[in-house]
Amino acid sequence: MTAISTAPSPQNHLTILMCGIAAVGIQALMLSPLLPDIAQALAAGPVEIGIASGAYGAGVALAALVAAPRLGQWPKRQAIQIAFAIIAAGLALCAAAFDWRVLVAGQFVTGLAAGVIIPGTYALTADLTPDHMRSRAMGRVIFGWSVAMVAGIPFAALIADLVDWRGTFLAVALISAGMIFGIGLLPRASSTAASRPVAYGQALAVKGIRLALIATFVFMIGFYQTYTFLGDHVRHLHHAGAWLGGLVACSYGLGFGLAVFFDGFIDRVGPTRLMALALFILGINYILLPISTLTLWTAITYPVIWGLAQHVGMNTLVSYIGAAPQAERSTAMGLFSFITYVAVGLGGGVYGSVYATYGFFATCLAATASLWIGALLVLLFLPRSASPGISSSR
């Protein structure tokens, strides 16, 4: 009798990988709507909580930097499972925090694990997908960030209002523990593991990768220097509870998810042609964002537009870097995560002081400046080939 396979279909591989990104996304993004409650409980201000947020980013950056040359050698499924176990432990430590420094330690541990999960998931997605469908596949996986925003973050805010913020961290720890089983449903990778680590220099030597990583930095720091403090800003401005931060996150996530319908357009036009335009439009967004917070209605609804633009920008960057030659792809994706979370660390750690001193408007205008500089660099210097590493046809 023929045995019935319990392994998910190839199409469902992407769903499982999307759920992994969603699980990471919840714990990465839930700090913003919970910030006032955590600050009050731990007798900490925006600067200290910003440092906690930055510690998560520092952990991801360190892990991604160390793991990047080795991702091609590791069995990705097992590495991701181990990392989810570490995330669950780190979130439990956050829940038990009695001082903001303990929260910093817990955030750093979760960041270390996420620094393996995120690039490993993106690299695995690229390995499983034909070139002509890569943006659509990436779009489906990064849709997990939208799931985190629309369902996970409001759920986290609801638990914080009904129980407290510690209950939120414990609930998300359980979700991460569940993903250990979920990732185990994936088959063992059939691709041949690299025989040796791929050095950073080898990946950075691929045409277009360095500039794409610069674009990644301005894209990500623009998001995290604003999103980290948006919940605190709107709650104090409108004298509201955690529910408002949850609604704002839900609105953003809804827009991020709706943008999945543009993923086929990215495949047709190509990420190279869209990158500078995406950065420029996001710069305009950070001029409009602080204005939108002045009324309660627009504070809740405008993030839909922000999410749309952010998804297109992120998919453009991930698809471009994911199109690197297979030998350098895993290292390039690791560097993508490293750059991303250097930006997270600076966004929370550096801009906590800017936000506390000059306010949310100044924080947003700084994001616009960096994005427009990045857009100009991409427009002038990015090779006009379809994929990194391919010589320009000019």
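Me: Helices here are DSSP runs of H or I, at least four residues, numbered from the N terminus. With that numbering, where is the place of H239?

Reply: H239 sits in the loop between α9 (209-238) and α10 (242-258). Bear in mind that this is a predicted model.

Me: What is phi for H239?

Reply: About 50°, a positive value, although H239 is not a glycine.

Me: And why does H239 count as exposed?

Reply: Because its relative accessible area is 75%, and exposed means over 50%.

Me: Which loop is A43 found in?

Reply: A43 is in the loop between α2 (31-41) and α3 (46-67). Its phi is near 55°, again positive in a residue other than glycine.

Me: Is A43 buried or exposed?

Reply: Exposed, because the relative accessibility of A43 is 71% and the cut-off is over 50%.

Me: Changing topic to α7. How many residues does it have?

Reply: Helix α7 has 20 residues, 165-184. From first C-alpha to last it reaches 30 Å, close to the 28 Å expected at 1.5 Å a residue.

Me: What caps the N-terminal end of α7?

Reply: D164 does, with a side-chain oxygen 3.1 Å from the backbone nitrogen of R166.

Me: Which residues of α7 are buried?

Reply: W165, G167, T168, F169, A171, V172, A173, S176, M179, G182 and I183.

Me: What about α14, how far apart are its end C-alpha atoms?

Reply: They are 27 Å apart in α14 (residues 303-322). That agrees with the 28 Å that 20 residues should span at 1.5 Å a residue.

Me: Why call α14 largely enclosed by the rest of the structure?

Reply: Because 16 of its 20 residues are buried, and buried means under 20% relative accessible area.

Me: Which helices each supply at least two of its residues?

Reply: α12 (271-292) and α17 (360-381). The largest share, seven residues, comes from α12.

Me: What is it about a helix that lets several residues point the same way?

Reply: An α-helix has 3.6 residues a turn, so residues three or four places apart point the same way.

Me: Take I284 as an example. Where is it placed?

Reply: I284 is in helix α12 and is one of the patch residues.

Methods. Residues numbered from 1 in each chain as written. Predicted model: local features only at pLDDT ≥ 70, side-chain atom pairs only at ≥ 80, totals over all residues. Heavy atoms only, no water. Expected span 1.5 Å × (residues − 1). Buried < 20%, exposed > 50% of the residue type's maximum accessible area, 1.4 Å probe, protein only. Polar contact = N/O pair within 3.5 Å; in protein donor to acceptor, adjacent residues only side chain to side chain. Patch = residues over 30% accessible without salt bridge, like charges linked within 9 Å, V, L, I, M, F, W, Y side chains within 5 Å. Areas by Shrake-Rupley, 256 points an atom, 1.4 Å probe, with all protein chains shown as cover. Salt bridge = Lys/Arg side-chain N within 4 Å of Asp/Glu carboxyl O.
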